[in-house]
Amino acid sequence: MKEISDLNFSENVKYTKDHEWAKLNKDIVTIGLSDYAQDQLGEIVFVELPEVGDIFTKGDEFGSVESVKAVSEVYLPISGEVVEINGALEDNPELVNEDCYEGGWLIRLKPDNLLELDDLMDKAAYLDMLKG
Amino acid sequence: MNKQPGTRGLIFNEPQLWDKSRKGRCAVSLPRADVKRCQLDASLVGESPELPQLSELDVVRHYTRLSQWNFGVDSGMYPLGSCTMKYNPKTNEVQAARQGFASAHPLAGDEFSQGALKLMYDLEHLLGEITGFPAVTLQPAAGAHGELAGMLIIHAYHAKKGKQRTKIIIPDTAHGTNPASASLCGYESINIKSGEKGILEPATVAAVMDEDTAGIMITNPNTLGLFEENIKEICEIVHAKGGLVYGDGANMNAIMGIVKPGHLGIDVLHLNLHKTFSTPHGGGGPGSGPVGVSKELIPFLPVPRIEKDLTRYRFVTECPDTIGRMHTFYGHFGIMVRAYAYILSMGGKGLHRASQLAVLNANYIKESLKDTLNLPYDRPCMHECVFNDKHQQVFHVTTMDMAKRLLDYGFHPPTVYFPLVVDAAFMVEPTETESKENIDQFIDAVKAIVQEAQETPELLKKAPLLTKVTRLDEVGAARKPCLRG
């Protein structure tokens with residue numbers, strides 16, 4: 001596993017304490033795992049995602065990520081309806097390891113309440129949390 | 001350093017039997033038939049099955065070579081945490097092979113099976129004595145199957161009470177199969193965290209226990225190898241809200257003759273005969289997961305039950321509240337014979353001593369290695385101890401690398417990356433059957449590997465190097481599984 005200083009933290013996303021990120025583009029929010037999360041998990045071998053149309057509340061478990069070490073649940077940073085899932089992960093789960101902020105995104109969501117994004121951390125706050 | 005058991009050696013490649021097959025080759029020449037040929041009913045005649053054709057020597061070498069690729073407890077120390085890979089005494093096999101047991105037929109009926117029934121009846125009572133429960137079923141086929149039987153009993157109990165409940169509390173130090181067993185019964189798992197000392201705090205249980213909760217599943221000793229010291233108080237909290245306590249007895253090897261779970265307030269408990277009671281484990285199974293219950297839960301036990309009237313034993317199926325059958329016939333009888341042989345060989349004092357030594361051995365390893373590997377919970381342990389790779393991370397060496405390297409030293413790796421409550425866990429359970437000399441060799445091997453982690457980390461990344469196959473691409477195998485030969 002890498003040192004925190006060797007990890008990549010995007011400026012353009014908001015982070016949760018469970019190491020997911022959320023990024024608003026027009027009125028759709030894309031969700032993924034942070035570089036810290038993918039590094040901790042190790043090489044990812046399977047990603048289980050919800051179905052388009054599923055409706056979740058902030059904090060709900062919406063899928064799981066399996067590495068050779070363990071299976072970890074992933075939790076939603078905000079409430080909303082799933083409008084797209086990253087189908088590429090079915091055959092190429094390693095995208096989460098290799099490109100966690102772009103090609104390795106997990107789902108896209110139509111949010112219920114954009115104000116929930118304000119509860120998430122920016123890069124500086126997330127780094128502070130990681131450094132404890 | 002002592003000479004380690006692992007070394008180089010010639011290992012044979014061995015093709016599949018089909019590849020060795022040659023037309024007409026066979027093991028035994030049968031004498032010419034000396035009875036008149038008779039015509040078979042045409043409807044019964046067809047092509048003969050295609051089987052490989054081999055000499056006896058071909059077959060003997062085939063299986064001998066395959067066996068040499070294997071690592072078993074008969075070849076070396078197998079400190080697989082939470083699995084209790086103790087030695088399986090050969091007398092168990094001798095007793096199970098006795099013709100009266102080996103040839104017993106499950107359809108023979110009570111009157112022709114008195115010896116087998118007596119053994120099962122006595123074994124139920126011996127296990128009841130060891131665990132402190134008034135009744136035991138031997139039916140479940142293995143540990144998780146025992147958990148399911150136990151959860152079905154809890155489910156049936158609440159149904160009988162008139163109100164089904166929806167949730168089960170499961171701590172983070174429970175066995176991984178517990179939530180699956182609860183889910184199969186339709187319960188939602190409520191996960192709770194253990195406290196700073198690595199054991200459950202009563203307040204944590206009290207905070208989530210309510211009248212919608214069917215009970216709690218506790219592994220004691222837990223998967224950190226620690227005794228749940230607050231177990232009595234936790235049982236009282238759960239009982240006060242009408243719930244039941246399921247005990248996962250997979251770690252019973254630490255407490256035989258010392259603590260009876262039935263006396264702590266636990267209502268249902270499963271045992272693993274293939275762990276604690278020395279029957280074959282893993283590929284050498286099958287397993288067996290007997291379940292003991294408190295008096296109140298006896299009506300729900302699976303059928304058939306075994307009863308004794310004066311001098312005769314009989315199967316009883318008329319139990320209106322039973323959860324039904326958990327297995328065809330009566331469970332894995334051959335395994336019961338082995339466990340019975342073990343219990344009688346050891347006696348009460350012997351089992352007590354076995355638990356004491358299992359705990360002593362684990363503590364000896366913990367103390368000997370706690371300056372070498374990181375020990376997240378530094379307190380007296382039970383039958384196993386849990387380290388991790390925190391000190392090796394700076395060299396980019398992981399628990400997995402060290403575990404693989406142990407194979408080169410001639411030891412089976414311990415359990416790794418479980419329990420999840422410890423990051424990158426390295427979980428060692430030596431059992432009572434390893435001598436101090438063997439354990440010292442293991443400790444030396446771990447120390448040597450930690451030294452290598454510092455000096456030649458790239459070596460550990462490639463390990464194992466002496467095995468027939470070296471480091472496998474586990475990620476590739478999981479991402480692109482090849483499911484056909």
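Two residues are taken to be in contact if their C-beta atoms, placed from the backbone, lie within 7 Å. Helices (H or I, at least four residues) and strands (E, at least two) are DSSP runs, numbered from the N terminus. The model is predicted: local features need pLDDT of at least 70, side-chain atom pairs count only at pLDDT 80 or more, and totals for chains, interfaces and linings use all residues. Residues are numbered from 1 along each chain as its sequence is written, while chains are lettered from A and ligands numbered from 1 in the order in which they are written.

**Confidence**

- For the complex, the predictor gives an ipTM of 0.73 and a pTM of 0.88.

**Packing of H5(B) on H11(B)**

- Helix H5 (residues 114-131) of chain B packs against helix H11 (residues 333-369) of chain B at an angle of about 45 degrees, and their axes are 10 Å apart.
- Axes are lines fitted to C-alpha atoms, for helices over the stretch in contact, and angles run from 0 to 180 degrees between N-to-C directions.
- H5(B) and H11(B) are therefore oblique to each other (angles under 35 degrees count as roughly parallel, over 145 as roughly antiparallel, 65 to 115 as roughly perpendicular and the rest as oblique).
- On the H5(B) side, the contact residues include Leu119(B), Met120(B), Asp122(B) and Leu123(B); those of H11(B) include Phe333(B), Met336(B), Tyr340(B) and Leu351(B).
- By class, this contact of H5(B) with H11(B) has 13 nonpolar, no polar and one charged residues (Ala, Val, Leu, Ile, Met, Phe, Trp, Tyr, Cys and Pro count as nonpolar, Asp, Glu, Lys and Arg as charged, and the others, Gly among them, as polar).

**Packing of H11(B) on H13(B)**

- H11(B) also packs with helix H13 (residues 436-455) of chain B, at an angle of about 30 degrees and with axes 11 Å apart.
- H11(B) and H13(B) are therefore roughly parallel to each other.
- Asn361(B), Tyr364(B), Ile365(B), Ser368(B) and Leu369(B) of H11(B) meet Ile439(B), Ile443(B) and Val446(B) of H13(B).
- The residues of this contact divide into six nonpolar, two polar and no charged.

**Domains of chain B**

- Chain B is divided into domain 1 (95-345) and domain 2 (348-467), with bounds that come from an automatic or database domain assignment.
- The C-alpha centres of the two domains of chain B lie 30 Å apart.
- Their contact takes 20 residues from domain 1 of chain B and 21 residues from domain 2 of chain B.

**Contact between chains**

- Chain B contributes seven residues and chain A eight residues to their contact.
- The side of chain B that touches chain A has four nonpolar, one polar and two charged residues.
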